[in-house]
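Here is a briefing on one protein chain. Look through the structure first, then read the points by topic.

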Amino acid sequence: MTEERRHAPVLWRLTGVASVVAITWVTRLVGLLAVISVVLPAGRRARGHVAGWLGLPQDATTAAATVVLVVGVLLIMLASGLRRRKRRAWQLAMAGSVVLSLSHLGLQQHLLGSGLVSVALVVALALNRKYFIALPDPVTGKWRWARVFLQLVIAGLVINVGLLTFAPRSVVEPLGFGDRLEESALALIGVSGPAVFRSTLMEDLVASVGLLFGLGAVLIAAYFLLRSAEPAPHLSEADKKRLRELLDQHGQRDSLGYFALREDKFVVFSKTGKAAVTYRVIAGAAVASADPLGDSEAWPGAIEEFLEVCRRHGWVPAAMGCSELGATVWARYHLDVLEIGDEAVVDTDTFTLDGRAMRGVRQAVSRTKRAGYEVQVRRTENLEPGELAELESLAASWRGSDTERGFSMALGRMGDAGSVLVTATQDGRTRGLLQFVPWGEDGLSLDVMRRDRAADNGVNELMISELLLRARDHGVKYVSLNFAAFRKLMEQGRRIGAGPVARVSAKVLGWASHWIQIETLYRFNAKFQPRWVPRFLVFPSVRELPRVGVAVFEAEGLGGRSPWLMRLLRR
């Protein structure tokens, strides 16, 4: 592979970066100045200059002020899309800046401030059109923005027509239906119509309702038009077959490889078909999970295809849970790397319950066995008919939340061929459940760990230790347990002589553990004396880290954007 070809996928990040960043900030500045010119008292007192020169009526200046305000807010919203080089954002910003320039003729201001800067923005956008090439986001319901716009406009019209129809003569003179409709329509842009009000309260109410629904229609429709892509992910049967072939050939290398078969992912293959990257798109970020699948020599080809997809759509590329080798390959494409924790891997050949270090696990195992718990370790294909459905129901009821957590280290389903199920029963009743998925030919990766909340403490320790002790008899050499986020930070912060930064970091992680199982999982994993395998997060730059963080947290089911708000917006 030539050096030119190696760096081709990242040229889109390097070419014209200065121009794109400058235009993004100028767009924000123009939008902010536009809003200030309408909202601040100084801007409102300045009315009369240009409008007086052109002989425009007062209603025209009010309408112009409304247009300037709406376009200013829109430009601020568009800046994010421009930073991602979205073609649609460029088109709308171009139209908005032209409208803004013309609208200032109707304001009582000289062609200074946002008016003059908006003209400069038009010129800059026109000269740099070639850099804005990202395709529109492939989302379902692409005309939803138009439907939302019409719904809000119609709602504003109906409410105001109703107010004018049923208002007594003491507050407004009688109007025909046409005049009521005209008054309501003009109120949407802040202009007075034919109505003659005898009450200031009624006049303000009609104007407020009109502007509320008018501005809301434009801004909410703009949200749906400009929102980040979240296409519904899905792996076709053909894709699954190709991924399984890669896993059969190279699945031994990465303990997280099998999780690429989650249903809620897209996949992109290298041109040779020897490697693949699986990912999900959330909040404008395309988050790949773990290392690419396949031959590590072919990973660059798959990464290049993935970055090309991100470039075409203006997505922020990221990778969650990479190994050290995977992070090294990703870093060749000018991406930053952050160590985010360690995976606990136990070698079954050396695992034992003997010794002082295993005293806590040994006591938990003995206690639960005395309480009557028994453990079964079985392949999925060896379950009794109907037993899998029963275990799935129990796992769902024990989950404790509506959200299924996990993305890079969770499969999202049970019962795949080759998976191992570990159950703990007491008096014939199932009280705990583990599922492990295949890791090559001689390894397993923990996928599901659930237990009845009323079960005795130590049930999970019993199930894991029994699996580890029996695994060697079935040719299983390695077992991957839970991921311990920021393990090194916690250990360093609690050592004697730790610096203030390390101590504060450990305290923050301890505080966060009240909501997210950070320290708890680390302590639990450490009981089994594993070897720690570092895992990394790959992202373009620190500036994009908040967006990537939101996408990762939401993918893992740990937080992110408000689920209630997202459901409301989808409706």
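The model is predicted.

**Overall fold**
- The protein chain holds 22 helices and 12 strands.
- It has 571 residues, and 49% of them are buried.
- Take the contacts between residues at least 6 apart in sequence: 77% of these join residues at least 24 apart.

**A nonpolar surface patch**
- Ile154 belongs to a nonpolar patch on the surface, together with Phe149, Leu150 and Val158.
- Together these four residues have about 370 Å² of accessible area.
- Ile154 counts as partly exposed because its relative accessibility is 48%, between the 20% limit for buried and the 50% limit for exposed.

**Nonpolar cores**
- In soluble globular proteins, nonpolar side chains tend to be buried together.
- The largest nonpolar core here has 38 residues. Leu243, Leu537 and Val548 touch the most other members.
- Helices α12 (237-250) and α21 (545-555) each give two or more residues to this core. So do strands β1 (266-269), β2 (275-282), β3 (285-289), β5 (316-322), β11 (478-485) and β12 (531-539).
- Helix α21 provides the largest share, four residues.
- Which residues does Leu243 touch, leaving aside those up to four places away in sequence? They are Leu235, Ala260, Leu261, Val267, Phe269, Ala276, Thr278 and Leu293.
- A second, separate core has 29 residues, among them Met358, Tyr373, Val375 and Leu446.

**The loop between β12 and α21**
- Val542 lies in this loop.
- Is Val542 buried or exposed? It is exposed, because its relative accessible area is 62% and the exposed class starts over 50%.
- Val542 and Asp336 are 206 residues apart along the chain, yet their C-alpha atoms are separated by 8.1 Å.

**Cysteines**
- The count of disulfides is zero, where a disulfide needs two cysteine sulfur atoms within 2.5 Å.
- Cys310 has a relative accessible area of 0%, so it is buried.
- Cys322 is buried too, with a relative accessible area of 0%.

How values were computed: Residues numbered from 1 in each chain as written. Predicted model: local features only at pLDDT ≥ 70, side-chain atom pairs only at ≥ 80, totals over all residues. Heavy atoms only, no water. Buried < 20%, exposed > 50% of the residue type's maximum accessible area, 1.4 Å probe, protein only. Contact = heavy atoms within 4.5 Å. Patch = residues over 30% accessible without salt bridge, like charges linked within 9 Å, V, L, I, M, F, W, Y side chains within 5 Å. Areas by Shrake-Rupley, 256 points an atom, 1.4 Å probe, with all protein chains shown as cover. Salt bridge = Lys/Arg side-chain N within 4 Å of Asp/Glu carboxyl O. Core = buried A, V, L, I, M, F, W, Y, C linked by side-chain atoms within 4.5 Å.
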